[in-house]
Amino acid sequence: MISINGESISILLFFVGVYGLIARRNIIKSIMSISIMQVAIILYFISANTAPGSVPPIGDVAQTLQVADPLPQALMITDIVIGIGVTAASLTMFIHLYHRFGSTNWQKVMKKRKHHD
């Protein structure tokens with residue numbers, strides 16, 4: 001039986017993002033799918049190897065037996081900032097493509113680009 005935890009939900013979310021990339025031709029939906037995949041990866045790394053009852057390593061933790069590993073959390077904060085930058089750059093390129101070719105469809109933009117050059 002599959003347990004519902006952060007790891008299984010992150011795998012499901014990742015494949016939702018993959019489906020969005022494969023099945024949709026809209027540029028905005030592709031950017032959203034990549035963002036969904038990024039959030040799934042962040043959720044996976046934060047929820048992987050977490051023990052029930054572990055506490056954050058802040059304050060007086062000498063009395064607790066299990067302390068959560070802070071390294072994945074620190075790395076995922078960095079990934080969130082990088083993801084925001086990638087999303088912003090993607091949306092900027094999309095705006096430029098839309099103003100130049102007037103479409104949000106990947107295939108229409110490719111056809112117009114071949115005729116435009």
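Let's start at tyrosine 98. Tyrosine 98 has a relative accessible area of 41%, so tyrosine 98 counts as partly exposed. On the terms: buried is under 20% relative accessible area, exposed is over 50%, and partly exposed is in between, with a 1.4 Å probe and protein chains only.

A word on the source. This is a predicted model, where local features need pLDDT of at least 70, side-chain atom pairs count only at pLDDT 80 or more, and totals for chains, interfaces and linings use all residues. Residues are numbered from 1 along each chain as its sequence is written, and side-chain values use heavy atoms, with hydrogens and water left out.

Back to tyrosine 98. Which helix holds it? Tyrosine 98 and phenylalanine 94 both sit in helix H3, residues 70-101. They are four residues apart, about one turn of the helix. Phenylalanine 94 is buried, because its relative accessible area is 11%.

Now the aromatic pairs. Rings of Phe, Tyr and Trp (its six-membered ring) pair if their centres lie within 6.5 Å; planes under 30 degrees apart are stacked, over 60 edge-to-face, and the rest tilted. How many pairs does this rule give? Three. One of them joins tyrosine 44 and phenylalanine 45. Their ring centres are 5.9 Å apart and the planes meet at 80 degrees, so this pair is edge-to-face. Tyrosine 44 is partly exposed, at 36% relative accessibility. Phenylalanine 45 is partly exposed too, at 43%. Phenylalanine 94 and tyrosine 98 also pair, and that pair is tilted: 6.1 Å centre to centre, 35 degrees between the planes.

Next, valine 39. This residue lies in helix H2, residues 27-47. Its relative accessibility is 47%, so valine 39 is partly exposed. From valine 39 to asparagine 26 is 13 residues in sequence and 20 Å in space, C-alpha to C-alpha.

Now the whole chain. There are four helices and zero strands. Helices (H or I, at least four residues) and strands (E, at least two) are DSSP runs, numbered from the N terminus. The C-alpha atoms fill a box of roughly 70 × 35 × 15 Å along the principal axes. Of the 117 residues, 17% are buried.

What about contacts, meaning heavy atoms within 4.5 Å? Take those between residues at least 6 apart in sequence: 51% of them join residues at least 24 apart.

Last, charge. Lys and Arg count as positive, Asp and Glu as negative; His and the chain ends are not counted. The chain has 9 positive and 5 negative side chains. The centres of the two sets lie 33 Å apart, with each charge placed at NZ of Lys, CZ of Arg, CG of Asp or CD of Glu.

Terms used: Contact = heavy atoms within 4.5 Å.
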